[in-house]
Amino acid sequence: MSYGILNPLEFRKVRILHIDQPCMHSRLLVLEATALNFILAHGEHIHIRALLPNGNRITRPFTPVMLEAEDGIVRPHLFIRLYDNELSASLERLQAGDHVMLRGPIRTHVDLTHAFSSNLCVLVAGGSGIAPIFQALQFAHINSSYKNKQMVVLHCARNEQALWLSSLIKHLQADMPHLAYHTFVSHTQRLSESLLHQVLADYNRENAQAIVCGPGTFNEDVSCWLNNIGIKHAQLL
């Protein structure tokens, strides 16, 4: 099978067309690729490799989102949270015209088909974890078997500016009548077990499925809260 410019077995250079800063401590990289030569199925991501100043290489997973770029072409967009570590420092130095080393597609263990087949699918995203969650929503939106399923998205971020993809998710709601979308920002209303229970109180949670994507401690907390309110099947990304 051809993946265009991607190769799951080797890293390849891809040029950065444009860089935005959606909020503090973040970067949005628009790559010089299209939906025709940058092929990812639902549940797939890529690896990015950075060369550190000491000569070492570091590799981390990222999920690109295919969106229309400023030139009107659908291109991969990479939302990157910047932390106090060597990888973030390397990515922060990148400029338009530079190249990133990446390989893929890399398959995850999450079975979206199984999650969307349940009576209720709960999707919880923390920070840049919204990228694979949005990828899942795109998959459901174009698939008639899942488009009308009951889904609840809980989108958590540091502040309103960090709620990347919020407007696009609201746009999907117009075409997905049973999609509910809730946002939580740290400085006003941080997600908690009680708030999670409040959001899902009116739903039938029997046999419900959840997909959670965020930092490690976020995933652990949310998985525990879901279990406590009766959602025993949570897949963590």
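Biologist: Which residues does R107 touch, leaving aside its neighbours within four places in sequence?
Modeller: R107 is in contact with A41, H42, G43, E44 and H45. Contact means heavy atoms within 4.5 Å. This is a predicted model: local features need pLDDT of at least 70, side-chain atom pairs count only at pLDDT 80 or more, and totals for chains, interfaces and linings use all residues. Residues are numbered from 1 along each chain as its sequence is written, and side-chain values use heavy atoms, without hydrogens or water.

Biologist: Where does R107 sit, and what makes that a strand?
Modeller: R107 lies in β7, residues 99-107. Strands are DSSP runs of E, at least two residues; helices are runs of H or I, at least four, and both are numbered from the N terminus. The chain has 6 helices and 12 strands.

Biologist: How far is R107 from R190, by C-alpha atoms?
Modeller: The separation is 31 Å, and the two are 83 residues apart along the chain.

Biologist: Why is S90 called buried?
Modeller: Buried means under 20% relative accessible area, exposed over 50%, partly exposed in between (1.4 Å probe, protein chains only). S90 has 12%, so it is buried. S90 belongs to helix α1, residues 86-92. Leaving aside neighbours within four places in sequence, S90 is in contact with A50 and L51.

Biologist: What share of the chain counts as buried?
Modeller: Of the 237 residues, 47%.

Biologist: Which residues of α5 are buried?
Modeller: In α5, residues 193-200, L195, L196, V199 and L200 are buried.

Biologist: Why do we say the buried residues of α5 line one face?
Modeller: Down the axis of α5 they fall within an arc of 125 degrees, so they line one face of the helix. The arc is that of the directions from the helix axis to the C-beta atoms. Turned away from the buried side are the exposed residues S194 and Q198.

Biologist: What covers the buried residues of α5?
Modeller: The cover includes β8 (121-126), β9 (151-157), β10 (179-185) and α6 (216-228).

Biologist: How do you know whether the chain's radius of gyration agrees with a compact globule?
Modeller: The rule is 2.2 Å times the number of residues to the power 0.38, over C-alpha atoms. For 237 residues, a compact globule would be near 18 Å; the chain has 18 Å, which agrees. Its C-alpha atoms fill a box of roughly 50 × 40 × 30 Å along the principal axes.

Biologist: What share of the contacts with a separation of 6 or more joins residues 24 or more positions apart?
Modeller: They account for 72%.
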